Amino acid sequence: MRFLAVSSVQYAVLTRLRLAPGPDLALTGAFASGTLFPVRLFRVTDAVPRAYVVAASGASVLPDGVPTLNRMALAAFDPRRHLVLERAVWSDAEAAAKPDQAAEDAGAARILRHEALRVEVEARAAVPSYLVLTDTYTADWKVEVDGSSAPLLRANQMFRAVPLAPGPH
């Protein structure tokens, strides 16, 4: 269920997969279907928001594919505190500016507008950070932060990330 949570999935409809409710997955309903298997609706209790901020000190650089997925599968990987990128933007010195910065204090983000070809996010970063948007990464997206062009990064294998300097954006 970790990958559902990392993907901002809040609900999952399952039929054949036999899952027991647990701390990360709550059964909210079961319904008869036209098959031998009931349709079950689960709520993913620890899903990350669609847009959120991770301190640069929590970012790792790994190649896409198995290395990234293996890192994300670790029990210690908390998507609110950790991020796997294709490449880093912040230097180690910049990222470590406040290494004890709590995940809750790294910043906040709120989607203001979401259209097929445009997303506007209001964000605040307390330290050098990355804004993560759990929309599918494609290299042809163009990014602006505070009216200036910014790099678009592949984050957590399939999502978008943008570096943010400390402050409101």
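The accessible surface of the protein chain, computed for a predicted model, is about 9,400 Å². Carbon and sulfur atoms hold 56% of that area. Areas come from the Shrake-Rupley method with a 1.4 Å probe. Of the 169 residues, 36% are buried (under 20% relative accessible area, 1.4 Å probe, protein chains only). Numbering runs from 1 along each chain as its sequence is written, and side-chain values use heavy atoms, without hydrogens and water. Local features need pLDDT of at least 70 and side-chain atom pairs pLDDT 80 or more, whereas totals for chains, interfaces and linings use all residues.

The chain contains 3 helices and 14 strands (DSSP runs: H or I, at least four residues; E, at least two; numbered from the N terminus). An open sheet has 3 strands in the order β7-β8-β14, with antiparallel pairing (pairing requires at least two DSSP bridges between two strands). Its edge strands are β7 (107-114) and β14 (167-168). β8 and β14 pair over 2 bridges. Arginine 124 has proline 168 of β14 as its bridge partner.

β8 also contributes to the largest pocket, giving 5 lining residues, the largest share. A pocket is an open set of points on a 1 Å grid over the protein atoms alone, where a 1.4 Å probe fits, with protein on both sides within 12 Å along at least five of seven lines; lining residues have an atom within 4 Å of a point. The largest pocket holds about 630 Å³, the space filled by probe spheres set on the points, which are joined across faces, edges and corners. Its lining comprises 22 residues, with Val119, Glu120, Val121, Val143 and Glu144 nearest the centre.

Definitions and conventions. Buried < 20%, exposed > 50% of the residue type's maximum accessible area, 1.4 Å probe, protein only.
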